[in-house]
Structures are given as structure tokens and as C-alpha cells.
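Subject: Structure handover

Hello,

Here is the structure you are taking over. Please keep it open while you read the notes below it.

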Amino acid sequence: MSPAKATPAASKQRLVSVTLDEASIGRSNEDVEHERQVAIYDLLEMNIFAPVGHDDGPYALHLSVNGNRLVFDIRLQDGSPVVAHLFSLSPLRRIVKDYYMICDSYYQAIRTATPDKIEAIDMGRRGIHNEGSEILVERLKDKVIIDLDTARRLFTLICVLHWKG
């Protein structure tokens with residue numbers, strides 16, 4: 001049983017929809033689009049998410065980029081506004097850049113490299129992804145309750161939002 005579904009209160013601390021601002025994203029290659037779709041699917045399947053001090057979910061999240069700021073527009077499932085948080089993307093800039101560089105290497109490697117090389121690149125990719133997720137948990141801790149798995153999926157979405165292709 002997922003932690004988000006363990007109790008009636010916990011079942012309210014979850015996302016039931018995630019939308020991305022298409023104007024902020026810009027279309028990219030099929031690998032990035034696939035990662036985006038998988039991250040949203042995985043995020044909606046299992047997550048823990050609630051604004052601090054608010055327990056009337058479940059929630060809908062709209063992510064966008066406005067200048068150098070990430071916008072978390074959090075609403076109730078019916079669309080009623082709850083809160084919007086703006087976060088500077090500057091602390092994530094290096095990690096997002098590193099993540100995309102290693103993702104590019106990974107996608108090239110899976111087409112031509114040996115299994116050992118692919119595994120080594122993938123380990124590096126997961127390490128960078130974990131680092132970004134931990135930064136996200138730290139930055140959100142006073143604003144939104146999330147677990148590490150939810151942070152990992154959100155980090156993937158932030159990367160897609162941040163990268164204009």
C-alpha cells in the first residue's frame with residue numbers, strides 16, 4: 001500500500017493532476033517528451049503532496065516558468081486556488097545542466113555502447129537526479145510536504161520545463 005493511501009488524511013495529501021505550461025516548455029526531442037509523460041504518469045500513480053498547513057486535498061498542480069522563477073500553482077481538484085509559490089531556478093541551474101548533459105550521453109549510449117558503459121552512465125545519471133531531488137526537497141520543505149519519490153518525479157518535470165530544447 002502506498003504511503004499516500006495509508007489513511008484517509010494521507011489520501012488527501014496527493015496530486016490528482018499535473019499540467020505543464022506549454023508556453024514555458026517549448027517542444028523538445030522525443031526522449032525528453034517521453035521522460036515528461038512517464039514522470040507525470042508515475043507522479044500521479046503514487047505521490048505525497050500537500051501545501052504546508054493545508055489538508056483539504058487532493059490537489060492539482062500547474063508548473064510553469066516565469067523568467068528565472070519556477071511557479072507552483074497549487075489548486076484543489078475542482079480548480080479552486082490554494083496557493084502559488086515562486087522559486088528561483090538559479091540553485092537548480094547547474095544540476096539541471098549536468099543532468100541534461102548526462103542524459104544526452106545516456107541516450108546516445110543506449111543506441112551504440114556496450115552494456116557496461118550504459119550502466120556506468122546510468123549510475124551517474126541517477127546520482128545527479130538524486131542530488132537535484134534532494135535540493136528540491138530542501139527548497140520546498142517549508143512550503144509543500146513531499147517525499148523523495150515525489151521530489152524525483154517533480155525534478156524530472158522541472159528539467160523539462162527548464163530546458164527549452
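Strand S3 (residues 59-66) and strand S4 pair in the antiparallel sense over 8 bridges. Two strands count as paired if DSSP finds at least two bridges between them. Strands (E, at least two residues) and helices (H or I, at least four residues) are DSSP runs, numbered from the N terminus. Within this pair, Leu63 stands opposite Phe72 in S4. S3 and S4 form a hairpin with 2 residues between the strands, and there Gly67 takes a positive phi near 65°.

This is a predicted model: local features need pLDDT of at least 70, side-chain atom pairs count only at pLDDT 80 or more, and totals for chains, interfaces and linings use all residues. Residues are numbered from 1 along each chain as its sequence is written, and side-chain values use heavy atoms, with hydrogens and water left out.

S4 also pairs with strand S5 (residues 81-88), antiparallel, through 7 bridges. Val71 stands opposite Leu86 in S5. The hairpin of S4 and S5 has 4 residues between the strands, and Gly79 in the turn has a positive phi of about 95°. Strand S4 (residues 69-76) is largely enclosed by the rest of the structure, because 6 of its 8 residues are buried. Buried means under 20% relative accessible area, exposed over 50%, and partly exposed in between (1.4 Å probe, protein chains only).

As for the whole chain, there are 6 helices and 6 strands. From the N terminus on, the elements run α-β-α-α-β-β-β-β-α-α-β-α. Of the 165 residues, 43% count as buried.

Helix H5 has 26 residues, which should span 38 Å at 1.5 Å a residue; its end C-alpha atoms are 37 Å apart, which agrees. The expected span is 1.5 Å times one less than the number of residues. Among the buried residues of H5 are Asp122, Arg125 and His129.

Next, the spaces. On a 1 Å grid over the protein atoms alone, a cavity is a set of points where a 1.4 Å probe fits but cannot get out, while a pocket is an open set with protein on both sides within 12 Å along at least five of seven lines; lining residues have an atom within 4 Å of a point. Grid points are joined across faces, edges and corners, and a volume is the space filled by probe spheres set on the points.

The largest pocket holds about 310 Å³ of space. It is lined by 14 residues, and the closest to its centre are Glu35, Val38, Tyr99, His129 and Thr156. Helices H3 (30-45), H4 (90-112), H5 (115-140) and H6 (148-162) each give two or more residues to this lining. H3 gives the most, with 5 residues.

One cavity of 30 Å³ or more turns up in a search of the whole structure. About 40 Å³ of space lies in the largest cavity, and its lining is Val32, Glu35, Tyr99, Tyr100, Cys103 and Tyr107. H4 gives the most to that lining, with 4 residues.

Which cysteine sulfur is closest to that of Cys103? The sulfur of Cys159 is, but at 7.3 Å it is too far for a bond. A disulfide is a pair of cysteine sulfur atoms within 2.5 Å, and by this rule the count comes to 0. Cys103 counts as buried because its relative accessibility is 2%. Cys159 is also buried, at 0% relative accessibility.

Regards
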